[in-house]
Amino acid sequence: MAEIARHDAHLGAFLSVSYPDAPGVKGPLHGIPYAAKDNLCTATLPTTCASRMLEDYHPPYDATVIARMQEAGAILVGKTNMDEFAMGSSNETSAFHPVANPWRPDHVPGGSSGGSAAAVAAGLVPLALGTDTGGSIRQPAAFCGITGMKPTYGAVSRMGLVAFASSMDQVGPMAMTASDCAAAMDILVAHDPGDSTSSDHPDAGDFLRRVRAAPDGCDGLRIGIPREYFGQGVDPEVVRAVRSAADVFSELGARVEEMSLPHTVYALPTYYILASAEAASNLARFDGVRYGRRAAANSIEELYWKSRGEGFGREVQRRITLGTFVLSAGYYDAYYLKAARVRGIMAGEITRAFAQYDYLLTPTCPTTAFPRDVRTEDPLAMYMADVCTIPANLAGIPAVSVPGGLVNGLPVGVQLMGRRFDDAGVLALADRFQRATGHHLLGPEGFGDHRERGGEDA
Amino acid sequence: MSIDADRVDEILRLARLELDPSERCRMQQDLAVILDYVSTIEHLDTSDVSPLHNPVEIDENITRPDDAHASRLHERFLQSAPEREGPYVVVPRVVGDGVSEDV
């Protein structure tokens, strides 16, 4: 708590903190402090989604993942800053304040789980929960030099997560290492009758043991590198870091080869149509009636209009407007339904790739962290930050971002994707990479003493 | 693709969003740029592909028994309401005077 108090005035990673008692429960995560993104409902702390709309909102109950962490003995120390309603890639759409990247304070930490990523990178907590709809765990993990896991869609309960795009949202762990993520996955992954998409798949469990039991080498594993992830806009230094990760896996005995997923280029437009449509529908509940911000109004219609006009920030309004447009009469077939069909093509293409390859290796993001304020006026430039992470959300597959070294003093993220419900395999592969490279041991200057400071470029 | 101001107003009306004129103008420009970009999927042949709405195959709706039971959280939900009167959430009147044109 002292570290949070000392550093967070500069970082801005937390929106609320608690001073909890020692846990009464002795579980697998006994006494481990953790932070949760502020779109996960907590009965003891406010849940704002970094929005004026929910500025004073105190949920009546804990999200299933929060309750499970508590049962495991983990201690919730605070709620983390984020892009408003998880819409953004830089944490700059937070209605309250931006988050500094611990590696370089005038750079963004990524988003939307930017507060969770910065808090872990700065050593304020060893573990944080994030949520990932189009890359919101993996992209900030990459920008902040930590490990972030988006589980298979359906593996982790979304009960008590404020919904953004329900067919893609997943909760997942962000930590220093893949094995720490695996320990958290052991708690997070469970069937929940409170979430109708929650799975009871038999492979979804026993993560830490399976990661530890995995051999050091990668003999027999086939890893594909889809060339479409290295197109226009990808920093050559990021390409170099991913190539060097590929060499590491080759040396460990994997068969690594280039392959093609030709429809990857359509992932971003498909995502923005579908996610915005789902958001427009999900965010209809914020109407100023039962909870959240209520504007002064003389009629119920005026109350809806004004509360939503005042309560939502610009990016959220933009997505609601786009989503309403693509669902409106005359445009539904051309946009929404078309995009859902393209999603079908892409998911099929990825499933077929996994007949030939066990895992896919790509950059997590085309660039390293960018300076604050440079992309806020150009929504498309901001959206490009998610171009490598979105396909995993469209297909519902597990994906992890691991540190791949430094470029010009900033961390690069390397992404590994696997088959649906092979979350343990994805984490085991990430763990092998970390045992072989040690990139994850590098930390930013000036925070705690949990990692090596600074370091050489990749 | 260009999108005219009337269309933007209609969408904002459907979305129940009140924006001031300068924000509305900006929204019109942003929407045009974004729609131009997302329209790149237009030329793809999707005639023999089924739409994928969710990666989980849901064969049937998952429902719970429709049984009435007392909620322990009733009072806490009411505490979240911007305005309440006893066990009710208060809103501006919806019938008679004060109701706007039906939209």
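1. Two residues are in contact if their C-beta atoms, placed from the backbone, lie within 7 Å. On that basis, the contact between the chains takes 54 residues from chain A and 42 residues from chain B. Helices H8 (267-282), H9 (300-311), H10 (314-327), H11 (332-356) and H12 (379-383) of chain A each supply at least two residues of the side of chain A that touches chain B. H11(A) gives the most to that side, with ten residues. The residues of this side divide into 28 nonpolar, 16 polar and ten charged; here Ala, Val, Leu, Ile, Met, Phe, Trp, Tyr, Cys and Pro count as nonpolar, Asp, Glu, Lys and Arg as charged, and the others, Gly among them, as polar.

2. The model is predicted: local features need pLDDT of at least 70, side-chain atom pairs count only at pLDDT 80 or more, and totals for chains, interfaces and linings use all residues. Residues are numbered from 1 along each chain as its sequence is written, while chains are lettered from A and ligands numbered from 1 in the order in which they are written.

3. Chain B contains three helices and two strands, where helices (H or I, at least four residues) and strands (E, at least two) are DSSP runs, numbered from the N terminus. From the N terminus on, its elements run α-α-α-β-β. Of the 103 residues of chain B, 15% count as buried. A residue is buried if 20 or more other C-beta atoms lie within 10 Å of its own, exposed if 12 or fewer, and partly exposed in between, with C-beta atoms placed from the backbone.

4. Helix H1 (residues 2-11) of chain A has A:Ile4, A:His7, A:Asp8 and A:Leu11 as its buried residues. They lie on the same side of H1(A), because they cover an arc of only 110° around the axis; the arc is that of the directions from the helix axis to the C-beta atoms. On the other side of H1(A), A:Ala2, A:Ala5, A:Arg6, A:Ala9 and A:His10 are exposed. The buried residues pack against strand E1 (14-17), strand E3 (75-80) and H3 of chain A. A:Gly12, which follows H1(A), has a positive phi, near 75°.

5. Helix H3 (residues 114-121) of chain A is mostly covered, with eight of its eight residues buried. Among them are A:Gly114, A:Ser116 and A:Val120. Just after H3(A), A:Gly123 takes a positive phi of about 75°.

6. How many residues of strand E2 of chain A are buried? Five of the five are, so E2(A) is largely enclosed by the rest of the structure. A:Pro33, A:Ala35 and A:Lys37 are buried on one side, and A:Tyr34 and A:Ala36 on the other. E2(A) and E3(A) pair in the parallel sense over five bridges; two strands pair if DSSP finds at least two bridges between them. In E3(A), A:Ile75 is the bridge partner of A:Pro33. The chain crosses from E2(A) through H2(A) to E3(A) in a right-handed β-α-β crossover; that is, with the strands pointing away from the viewer, the path from the first strand over the helix to the second runs clockwise. E2(A) also pairs in the parallel sense with strand E4 (residues 127-132) of chain A, over three bridges, and A:Ala36 stands opposite A:Leu129 in E4(A).

7. A:Cys49 is found in the loop between strand E2 (33-37) and helix H2 (64-71) of chain A. A:Cys49 is buried, with 29 other C-beta atoms within 10 Å. Not counting residues up to four places away in sequence, A:Cys49 touches A:Asp38, A:Asn39, A:Leu54, A:Glu84, A:Phe85 and A:Val162.
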